[in-house]
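Please consider the following structure together with its sequence. A short briefing on its architecture accompanies it.

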Amino acid sequence: MFRIPFRAVARAFGAAAACLLLAQSVQAQTEPLRIGFLTVRSGALAAGGRQLEEGIQLFLKERNNIIAGRKVELIIADTGGNPAGAKNKTQELVERNHVHVIIGPLAAFEAIAIDDYIRQTKTPTVADSAAAEDLTQRKVNPWFVRSVGSSAQPNQALGEYAAKTLGYKRIAMIADDFAYGHETAAGFQRVFEDNGGKVVQKLWPPLNVADYGSYIGQLKQNVDAVYAGFAGANGLRFLKQYKEYGMKAPVLGSMTTADEGILKQMGDEALGVTTGGWYAAGIDSPDNKRFVAAVNKEYGVDPGYYTLGAYSAGVLVEAAAKAVNGKVEEKEAFMKALRNPGTVHDARGDWKIDDYGNPVMTMFIRKVERKNGKLVNTVVKAYPNTSQFWTYDPKAFLAAPVYSRDVPPAKNLEP
Amino acid sequence: MFDKPLAFWLIQSLNSLSLGGLLFLLSAGFSLIFGLMRIANLAHGAYFMLGAYVGLSVLRAGYSFGLAMLAAGLAVALLGGLIERFVLRRLAGNPLAQVLATLGIAFIIADGCLLLWTGDPQQLPSPEWLQGVFRIEGAAFPKYRVAVVAFAILLAGGLWLLLEKTRTGAMIRAGVDDMEMARGVGIPVSMLFTAVFCLGSFLVGVGGVLGGPILSVYPGLDTDMLPLALVVVILGGVGSLIGAFIGSFLIGFVYTFGQTLTPDLAYMILFLPMIIVLAIRPRGLFGRIST
């Protein structure tokens, strides 16, 4: 019989375990930082999806694919632009690819579809495009933060600009009949009317309406301007037909009505269109000029809503990853850093994140002009440090129902 | 509701006509194919979009609008002919499989367009001499839309002559009415199928170019247009040219005035007349065969 040298065995095991642990921790530090990127490559949202991808790719290229000392592995997933696809791809990214952070998704209804899941799995998520108000208002998700503003945020600033600077008194509104269109129009209406203006008409063409002719024919002629709240191809279609019908009233609009992504396809009908936005390719700063030049060099186009959104999501992830010294595995700390990054800096300037996960930033009033033969959003006024609540008290703002077709109620409509 | 100025009624009537004209360009081919071959060609919206994109490329290359229409029509006709010969023909006698095949083809075309023409929405310029407006009663109406209505009416006339006054037309009508009998009396039904599929595809390709300046071209145009074609053809009656014609303009008026006078019903107004007609007259207003 021989005795098993328990002590020696225990020591050996102990040493092996220690080695293993050490190896693991070394590996954790050398493992790449995995970013799951939700985009759309087919269907009506594909153009926006491509610009999102361009934004993040440019960011990573400029950083040599290294963030906070860690190599980045970007895993791109195509949601197909629908809620079910967004949910599936998010699950895949989290459970199969074990991503540390998700950037995306593109559409608000996709963001709503993954809301519960990212909460359950505690997945840090940076929205680079979805602007639905309640995502950072009445339905705040602790695992969600935005690099873009809320739908109404720039339109509230535009409302004041229209009433105070332009001195408009009467405005007719026409906007896409879905949540984003409702929210952009409502934010504009609220601040415009609080500053003494009157919204005398509201039209809601269905999102996929074949023809705007019948709506343009209804627009009131005795107004100072028309507010056009459109997304995707609809801004392009509406503005073209607006001009074809010989309409003369100036056009105001939401950020996406004259986004750089579709501006390149427009003609003279876009000239003079004035919109609110948290970004404009025409921002006159050295940082933005460098950014616009880089995007033009890489992709041959001006950056707009989506390019900036995805690029900035990268900037935000980097700021937070640096704050936790690259230890993105510690989810709580990493998420806390994403929600409290301090001052973030990108092409639009400096911005912060408010208590609800939405940026506080400069709102630009942009006017489409032709420069060197190219249509550009030039900045005509800036409203610095603008929050999603405009100048209203957040508590009172949140106590009211979310912006919609009929909120705030329009009291000045004329038959 | 009825206290609107005269200009309102005039402009909206013109809008109704122009939408009707557009719908006829879209649905004439659909009706022809459906009537003769009993195939609801679900790729029809995709053909329309493809036509618009081909037209756009031809225009960008510096050629005229007329040439863009012709090129788009021929390109889509060629594609339609190939699909009829090599896909639908193999599934003959199995209408469900044929319809599913056309749906698959629609997806393939849509993805192909995305690949070739990117996802950016694009504008198809109207011919220069048709830019500008007519002024009526202080209101303005784009010239191009009037031209679309005129073209739709001319096309309807041409198709009527083809179907009613030519030998080919008689063969097509015979095929629609009774396929077996037509085959029995020696009409080359197989050839006819391919010819009609090409013709229907040609028409919708041309329609895509003509619709482009009004609708713009963008991914999703296909799925926006397909339901409109279905509604028109179901309302007007399958296989009937006059049905497609009347149905188009009827829908044009109902849709335009429905949307403007009762905006809250904007979503159902398109389908309401279709449901009523189907309930009362299941084969549609002028249908030769029941759907």
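This is a predicted model: local features need pLDDT of at least 70, side-chain atom pairs count only at pLDDT 80 or more; totals for chains, interfaces and linings use all residues.

Residues are numbered from 1 along each chain as its sequence is written, and chains are lettered from A and ligands numbered from 1 in the order in which they are written.

**Overall form of chain A**

- Chain A has 13 helices and 15 strands, where helices (H or I, at least four residues) and strands (E, at least two) are DSSP runs numbered from the N terminus.
- Its radius of gyration, taken over C-alpha atoms, is 24 Å, close to the 22 Å from the globule rule for 415 residues, so chain A is as compact as a globular protein of that length. The rule is 2.2 Å times the number of residues to the power 0.38.
- Along the principal axes, the C-alpha atoms of chain A fill a box of roughly 105 × 45 × 35 Å.
- Of the 415 residues in chain A, 53% are buried; a residue is buried if 20 or more other C-beta atoms, placed from the backbone, lie within 10 Å of its own, exposed if 12 or fewer, and partly exposed in between.

**The sheet of chain A**

- An open sheet of six strands in chain A has the order E2-E3-E1-E4-E5-E6, with mixed pairing; two strands pair if DSSP finds at least two bridges between them.
- Strands E2 (66-67) and E6 (144-146) of chain A stand at the edges with a single partner strand each, so one side of each is left without a neighbour in the sheet.
- Strands E1 (residues 33-39) and E3 (residues 70-78) of chain A run parallel and are joined by seven bridges. In this pair, A:Ile35 stands opposite A:Leu74.

**A:Gly326**

- The loop between helix H11 (305-323) and helix H12 (331-339) of chain A holds A:Gly326, which counts as partly exposed because it has 16 C-beta neighbours inside 10 Å.
- A:Gly326 lies 257 residues from A:Gly69 in sequence, yet their C-alpha atoms are 6.8 Å apart.
- Beyond its neighbours within four places in sequence, A:Gly326 is in contact (C-beta atoms, placed from the backbone, within 7 Å) with A:Ala68, A:Gly69, A:Arg70 and A:Ala321.

**The side of chain B that touches chain A**

- In total, 30 residues of chain B are in contact with 26 residues of chain A.
- Helix H1 of chain B gives the most to this side of chain B, with five residues.

Methods: Two residues are in contact if their C-beta atoms, placed from the backbone, lie within 7 Å.
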